[in-house]
Every structure is written in C-alpha cells, then in structure tokens.
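This report goes through a set of features that can be checked against the sequence and the coordinates. It is meant for a reader who has not seen the structure before.

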Amino acid sequence: MDNKLGTEKMSKLILTTGVPLMLSLLINSLYNFVDSVFVSRVAEDALTAISLSAPVQMFVSALGLGNAVGLNAAISKALGEKDTKRVTKVASAAVFVAVCEWVLIAMVCLAGVRWYFDWQCGGNEAIAKYGRDYLSICMLFSLGQMCQWVFDRFVIASGKSHLFLFTLSAASITNLILDPIFIFTLDLGTRGAAIATAIGQFVGALAGILINRKWNKEIPFNFTLHPDVASIRDIIKVGFPSTLVQVITSFVNVAMNTILLGFSSTAIAVFGVCCRMQGICTVAVHGINNGIIPIVAYNYGARIKERVKESIRYAIVDSVILYIPLLLVLIFFPDKVMMLFKASQTMMEIGVVAVRIFALVWLISIPNLVISSALQGLSRANSSMLITMLRQAILPLLLAYTLSGTGKINLIWGAFVIAEIVMIYPAMLIWNKNLKKVFT
C-alpha cells in the first residue's frame, strides 16, 4: 500500500499532519502562559521575576528536548530494525539520562539562582525574591519535567501520537487547577505558581509511565543505574544540536533582559509577556512546520522533488491563513491582550506597541520557519541551525544592542522585525542550494 506522505493531496496532507501537533503545542504552551496570567495578579514585580526566569527555564527545557530528540531517533531506528533488545536499551538509557539531567539542573540551581537574580534585578530585592522563590522550586523539582519529555517521546516514536495528548493534558489541566489554589487561596505567590507547575509535571510523568506500560508495550523500559553506554552516546549525538540552539537562545534572552533593564523592569515584564504569548499565538504555524518535516523527508527519500517544493508552498500559505485571525486581534486589540496580565498604565503604554510589533514579527517569520523545518526534512540540520541562530539569536541581539543607544524602547522590538526581514532572502538561497544539491 502506498504511503499517504507520497500520494495524498498536499493541501489535505499538510493540515492532517499538522493539526495533532498544533493541539500538543497548544497544551504545552499553556504552562507558562497560565503561570504568567495568574502571577500578574500578584504584582508587576512578580511578573517581571518570572520573565527573568524564562531564559533559565529554557535552559532546563533544552536538556529535556535534546534527550527527547535523541531517543526518538534511536528508538525509531531500532523499531525499524525490529531489534527489541536495542529498543529496551535505548529506552532505559533515556530514563537514566533524564535523571542525570535533573541532578545537573538541581546543582546549577543551588549554585547559581541567587547570583543570577542579584545580577539581573538591578538591585530590586522584591523582584529578586519573587524570582528566587519561583525558579528554585521549578529547578529543584524538575525531575517530573525531564521524565515527561522521555515518556511522551516513547509514544511518538511508536506511532501512537494520540496518547501524547493525554500526558500533556494531564499535566496542563493539573497546573491550571492548582495555580489559583496555591497562588491565591494559600497565598503563596510565585512559590505557589512554581509548586503547581512542578506537581503538574509529575502528574504528566506519572501518566506517561502508566500509558507506556499499558498501551505502548512496543517500547519496554527499565529503571536502571547501569544503562547501555552506546545508547547514551547515540542519544546525545543526535540530540545535542537541538540542545545547543535552545541553550544559546537562552543566553541571548538573558542578554536581551540585560539590555531592557537599562530602560526599566517593566520593559522586561512586557518582553516576558510577548515571549509567553508567542507560544500560544504561533501554535498553528509551528504545528504545520513540525508536520512538514516527515512529509519532506519521505518525498526526499522517494526522490519526488515536486512534492517537496509543493509542501513548502502549502505550508507557508496555510500558516499565514491560520495566523491572520490572531494577527488581527493583536493589531486591533493589544490593550485587551495586555489586560490579561493586569497591566499598569506604564506597562500598557509599552506593551500595546510591543504586542503590535511582535504580531508582525511572527507573521514575517513564517517563510524562515518553514524553510528551517524543511531543511530538517532534507537531513540538512546544520543549514537549518544556521538560519535559526541568525534570525533568533545573533541578529536580534546585535541590532538590539546597537539600537539601545537611541534610548527608544520601540526600536528594541523593531530589531526582531529587521532580523526576520533580513533573513528571508538568505534563507531562500540556502534552501534552493540544498534542494539542488540533494536532488542531483
């Protein structure tokens, strides 16, 4: 029987592949978004504190992402080879790596959280205390998050992606229910938000264990202190590029917060809000982008160049169409969006313009995002990483640092617009060069 990736009408295939991923990304994005909405009711300083926490949380997620990407590739390969023993070795090694990552994160927390907030808060002790309370709990109890990454990928690797939604839903719904209880009823502030997040992640991990044990027996796993070293090496080798991009982006956001602190702590809060909103507003775009990777990969392997090119066109068009309604909301009702975070007058003045500018940034970024994803489908990870690093890290930071000398905060947001526009043509050149190379 022909595989639908090579035969189904592309206009339908792009959406049927992307929609499940959109749902999973939406659920996953609710974590930080919900925390921000509730914490904004505590105080603007509290919102600024978790905005400053975001780059460090990105570092934590980077470790989990690298493990997840690496184990997904290694397990899928072993499943294709029908090597059951190898599957067990890789799965057990991935669990071991997750525990080691948690130990590393806890050590970094104990050694650096206090220093980090003393550096980033510019002497504002209220922000520093909110931040230490929140980030310390999130990091010290991140074992649930690390394990959830692993068990989620087990079901994805075995082709049972629908089960992935159950673990994400269990975690997010738990967090949503517990946030107001711990933050307001028990009056724990940012500590309450962190506790709710940690409990939600442990619930997601537990759900992942139960689901894999009962409904995903193709991937047996053990909890062991003596994992297969070759499996660990394979996981790290494949997952390291993904981790590297996230870690570098994390450091860039730290640098961006340092630049914004030269304006005000409110500017940091606004930037944090926009970063949290991006995860919600661009789920359709990222769902489609993740969905075209297997489409491009399959048709690359099948040597069907026209379907590869067709997938790019439809991905860009569908992403724009799905994003337009949100773009209109952000452009015409930015004040209503900011009120979700109980914005003060100063925060509203900065935030209304920032929301409109970032709304355009996310629209302009669509071609670059699609090309980066398609390059992964062509197994051109280095080219994809180059585009990502330039548009998300190097160019925005250099431009923001240069424009900060003008003393105009809106030009800092404009740096992201310029970076995306500047990268469209180079990204197209890189894509055409790689496409020509792999099909010659």
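## Helix packing

H9 and H17 are roughly antiparallel to each other, because angles over 145 degrees count as roughly antiparallel, those under 35 degrees as roughly parallel, those from 65 to 115 as roughly perpendicular and the rest as oblique. The angle between H9 and helix H17 (residues 409-438) is about 160 degrees, and their axes are 11 Å apart. Here axes are lines fitted to C-alpha atoms, for helices over the stretch in contact, and angles run from 0 to 180 degrees between N-to-C directions. Helices (H or I, at least four residues) and strands (E, at least two) are DSSP runs, numbered from the N terminus. The crossing of H9 and H17 is right-handed; a crossing has this hand if the near helix is turned clockwise from the far one by less than a right angle, and is left-handed if anticlockwise.

A second pair consists of helix H5 (residues 125-140) and helix H8 (residues 189-215), which pack at an angle of about 15 degrees with their axes 8 Å apart. H5 is therefore roughly parallel to H8. The H5 and H8 crossing is right-handed.

## Basis of the model

The model is predicted: local features need pLDDT of at least 70 and side-chain atom pairs count only at pLDDT 80 or more, while totals for chains, interfaces and linings use all residues. Residues are numbered from 1 along each chain as its sequence is written, and side-chain values use heavy atoms, with hydrogens and water left out.

## Salt bridges

A salt bridge is a side-chain nitrogen of Lys or Arg within 4 Å of a carboxyl oxygen of Asp or Glu. The count by this rule is eight salt bridges. One of them joins the side chains of Arg86 and Asp234, at 2.4 Å from N to O. Arg86 belongs to helix H4 (residues 84-120) and Asp234 to helix H9 (residues 229-261), so this pair ties together parts that are 148 residues apart in sequence. Asp234 has a relative accessible area of 28% and is partly exposed; buried means under 20%, exposed over 50%, and partly exposed in between (1.4 Å probe, protein chains only).

Arg132 and Glu125 also meet through their side chains in a salt bridge, at 2.7 Å from N to O. Of these two partners, Arg132 is buried at 12% relative accessibility, whereas Glu125 is partly exposed at 46%. Another salt bridge links Glu306 with Lys309, whose closest N and O atoms are 3.8 Å apart. Glu306 and Lys309 are three residues apart in helix H12, which means that about one helical turn separates them. Lys309 is partly exposed, with a relative accessible area of 31%.

## A nonpolar surface patch

Ile324, Leu328, Val329, Phe332 and Phe333 form a nonpolar patch on the surface, and together they have about 460 Å² of accessible area. Patches are made of residues with over 30% relative accessible area and no salt bridge, with like charges joined within 9 Å and nonpolar side chains (Val, Leu, Ile, Met, Phe, Trp, Tyr) within 5 Å. The areas come from the Shrake-Rupley method with a 1.4 Å probe, and for residues only the protein chains shown count as cover. Phe332, a member of this patch, lies in helix H12 (residues 305-332). Phe332 counts as exposed, at 57% relative accessibility.

## Loops and backbone angles

Most residues other than glycine have a negative phi. Asp187 has a positive phi, near 55 degrees, and sits in the loop between helix H7 (161-185) and H8. Asp187 is exposed at 62% relative accessibility. Lys342 is not a glycine either, and its phi is positive at about 50 degrees. Lys342 is located in the loop between helix H13 (334-339) and helix H14 (345-364), and its relative accessibility of 51% makes it exposed.

## Pairs of positions in space

Ala43 is in the loop between helix H2 (10-39) and helix H3 (44-80). Ala43 counts as partly exposed, at 23% relative accessibility. From C-alpha to C-alpha, Ala43 and Ile127 are 9.6 Å apart in space and 84 residues apart in sequence.

Ala78 lies in helix H3 and is buried, with a relative accessible area of 1%. Ala78 and Thr88 are ten residues apart along the chain, and 9.3 Å separates their C-alpha atoms.
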